[in-house]
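My entries follow the display.

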Amino acid sequence: MYVGVDEAGKGPVLGPMVAAAVRADPPDLPDDVDDSKRVAPERREELATLLHEREDVAVAVAVVEPAEIDAPDTDMNTLTVSGQARAVRRVVRPGDRVLADAGDTSETRFARRLTALLPVPAPVEDRTDGDAVDADESDDDPYASVDVTARHGADESDPVVAAASIVAKVERDARMAAIDDAYPAYDGVGSGYPSDPTTRSFLREYVADHGDVPDCARRSWSTCADVLAAAEQSGLSDF
């Protein structure tokens, strides 16, 4: 058994980043599991549901909200590692191999940082909240055999990482749908990516109405700074 881990929503200006981990043997996965970008939206949702329902497949997600992303003492590489680690901790078992889609230019460095954030979990039967519990390390630690590897494009070449990418993307899309529903006065929030005209229009209109970006926005992103600056300049020109 091994654990594949990936994330979705690293670059958007709206909404969270979502990391997902899937623990499975490749033969237990649906035949058409693939990188989420190469799977149609409806099929992605069907596959995510199948993965969650399979008794021989374990699935976990970790959500990194905009407030955490905006913290001044962090960066996206660190958040990607920590998000993936939080998801992995919920499904990893003794002797597992972990394969991550590398979120760093250096695969080795990403694997090393991910390993450092995987504290020794308590035995599965001792977990009460779905997450790992820290334990003292020892020479006979059953989790010492967990091996972590990171690879660029792992979601394109490995079926278990591809499954994780699907779970992460579907969860991220669901979060964006909820955000869209939370702002009925506007004509949609779009995909949340800075290149999306609908997203940029939503931000401009929201700032014009409220004088600040919404809570769902990553205010540390340059897109937010640009929208706020443009609104301030527009206000000054009215005098």
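I looked up the accessible area (Shrake-Rupley method, 1.4 Å probe): the protein chain exposes about 11800 Å², of which carbon and sulfur atoms supply 48%. The model is predicted, so I note that local features need pLDDT of at least 70 and side-chain atom pairs pLDDT 80 or more, whereas totals for chains, interfaces and linings use all residues. Residues are numbered from 1 along each chain as its sequence is written, and side-chain values use heavy atoms, without hydrogens and water.

I next checked burial (buried is under 20% relative accessible area, 1.4 Å probe, protein chains only). Of 239 residues in the protein chain, 47% are buried.

I listed the DSSP runs (helices H or I, at least four residues; strands E, at least two). The protein chain holds eight helices and five strands, in the order β-β-α-β-α-α-β-α-β-α-α-α-α.

I turned to strand β1, residues 2–8. Seven of its seven residues are buried, so β1 is largely enclosed by the rest of the structure. Y2, G4, D6 and A8 point one way, and V3, V5 and E7 the other.

I then traced pairing (at least two DSSP bridges between two strands). β1 runs antiparallel to β2 (residues 17–24) over seven bridges, with Y2 opposite A24. β1 runs parallel to β4 (residues 97–101) with four bridges, and there Y2 has R97 as its bridge partner.

Last, I examined S165 in helix α6, residues 159–181. S165 counts as buried because its relative accessibility is 2%. Beyond neighbours within four places in sequence, S165 contacts D6, D34, D35, S36 and D155 (heavy atoms within 4.5 Å).

Terms used
Buried means under 20% relative accessible area, exposed over 50%, partly exposed in between (1.4 Å probe, protein chains only).
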